[in-house]
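Colleague: I am new to this structure and would like to go through it step by step. Could you show it and then take my questions?

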Amino acid sequence: MDRKSFIKAGGMLAVGGLALGTQACRAKNTKEECWADGLWKDVKPSTVADFPLHDLHIHASPTLSYEDIARKAKEHRFAYCGIMFNGTRPVPATDESIQKFMDDTASLGCFRGMQNMKIGWTHALSEDIYKQFDYFFMDPQMIPNGNRYGDTLEVWEHDCYIPDLDQFMETNMKHYQAVLENPEPLDIFGWPLYLPPCVARFYYKVWTKERLESIVDMIAKRKVAVEINDLAHTPHEEFILLCKRAGLKFVFGSDTRDYRAFRLDFCKQIASKCGLTESDFWKPVKK
């Protein structure tokens, strides 16, 4: 099942008693529960958007064409937007499929990004072809040999099988490291901190301060931007503030393929809560 089908299957969104959209956004008094290291010091929440509205994670579909994306981005007064080409699913990218995407989107004025979910994606492609993209995106959601049965885990799937949570988190952290140390082109680290539905209720238990700081260090070393994902409602405030304190930049991403792509309610809410301003956001350079 692909992500679109998963999101449409409403009955599957509450596996383990937790809806996908509340994974990192449960009601809690963040300031009372924050770490005692002054993480919230000098944070000034804003009800006014001091940051550029944008979306760098929009996919076309039978109900949302490339032209629709460009038109709707203007209607919603986005400062900029990016159309994402998935280089892994439903089939691996080829030079021909990339060039067709480039030709089809050339006149729209949108940034064009490439999303990959498997390390080694450049091996089957010509460098001159894939370097036409304005930015490159990768997330840690497809984990090879992810459990003790040797399954390749697709963590967004409702039936992702996690027999041992501790073992999964060890494997998950190693996969984060592999993605962020992969020498292939990378500009945006996507879907940070997302957990499979069956273990999502343990979000605040397993994402310890030590693990969060380790991931921030890896991202800072790689010098890439962090996606705030509207669909998954990740990451949460503490992680965003850790990233901000480390000087990292952010991008908004809806990861949608229909009319919901231009809402960004979670992105706007949490960016305002964490006091993010225009200088905290990364913008691609048009090639």
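Modeller: A polar contact is a pair of N or O atoms within 3.5 Å; within protein, one must be able to donate a hydrogen and the other to accept it, and residues adjacent in sequence count only if both atoms are side-chain atoms. This is a predicted model, in which local features need pLDDT of at least 70 and side-chain atom pairs count only at pLDDT 80 or more, while totals for chains, interfaces and linings use all residues. Residues are numbered from 1 along each chain as its sequence is written, and side-chain values use heavy atoms, with hydrogens and water left out.

Colleague: With which side chain does the side chain of aspartate 258 make a polar contact?

Modeller: Aspartate 258 sits in the loop between strand E9 (250-253) and helix H10 (265-273); helices (H or I, at least four residues) and strands (E, at least two) are DSSP runs, numbered from the N terminus. Leaving aside neighbours within four places in sequence, aspartate 258 is in contact with Thr63 and Leu64, where contact means heavy atoms within 4.5 Å. The polar contact of its side chain, at 3.0 Å, is with the side chain of arginine 260.

Colleague: Is aspartate 258 buried or exposed?

Modeller: Buried means under 20% relative accessible area, exposed over 50%, and partly exposed in between (1.4 Å probe, protein chains only). The relative accessible area of aspartate 258 is 10%, so this residue counts as buried.

Colleague: Which side chain does the side chain of glutamate 127 make a polar contact with?

Modeller: Glutamate 127 belongs to helix H5 (residues 127-130) and is partly exposed, at a relative accessible area of 42%. Its C-alpha atom is separated by 9.3 Å from that of aspartate 95, 32 residues apart along the chain. The side-chain polar contact of glutamate 127, at 2.7 Å, is with lysine 131.

Colleague: What is omega for the cis peptide bond that joins threonine 234 and proline 235?

Modeller: Most peptide bonds are trans. A cis bond joins arginine 89 and proline 90, with omega about 5 degrees, and proline 90 is placed in the loop between strand E2 (80-86) and helix H4 (95-105). Proline 235 lies in the loop between strand E8 (225-229) and helix H9 (237-245). For the cis bond between threonine 234 and proline 235, omega is about 0 degrees.

Colleague: What is the positive phi of leucine 193?

Modeller: Most residues other than glycine have a negative phi. Aspartate 42, in the loop between helix H2 (30-33) and strand E1 (54-58), has a positive phi near 70 degrees and is exposed at 65% relative accessibility. Leucine 193, in the loop between strand E7 (188-189) and helix H7 (203-206), is buried at 0%. Leucine 193 is not a glycine, and its phi is about 75 degrees.

Colleague: How many residues apart in sequence are the parts that the pair of tyrosine 80 and phenylalanine 111 ties together?

Modeller: A search of the whole structure finds 20 aromatic pairs; rings of Phe, Tyr and Trp (its six-membered ring) pair if their centres lie within 6.5 Å, and planes under 30 degrees apart count as stacked, over 60 as edge-to-face and the rest as tilted. Tyrosine 80 and phenylalanine 111 form an edge-to-face pair, with 6.0 Å centre to centre and 85 degrees between the planes. Tyrosine 80 is in strand E2 and phenylalanine 111 in strand E3 (residues 111-116), so the parts tied together are 31 residues apart.

Colleague: What is the angle between the planes of tyrosine 130 and phenylalanine 136?

Modeller: Tyrosine 130 is buried at 9% relative accessible area, and phenylalanine 136 is buried at 5%. Ring pairs link both into a cluster with Tyr66, Phe85, Phe101, Trp121 and Phe133. Tyrosine 130 and phenylalanine 136 form an edge-to-face pair, 6.3 Å centre to centre, and the angle between the planes is 80 degrees.

Colleague: Within what arc do the buried residues of H6 fall, seen down its axis?

Modeller: The buried residues of H6 include Leu165, Phe168, Met169 and Asn172. On the other side of H6, Asp166, Glu170 and Lys174 are exposed. The buried residues of H6 line one face of the helix, because their arc (that of the directions from the helix axis to the C-beta atoms) is 160 degrees.

Colleague: Which residue caps the N-terminal end of H6?

Modeller: What covers the buried residues of H6 includes strand E4 (135-138) and helix H8 (209-222). At the N-terminal end, a side-chain oxygen lies 3.1 Å from the backbone nitrogen of aspartate 166, and the capping residue that holds this oxygen is aspartate 164.
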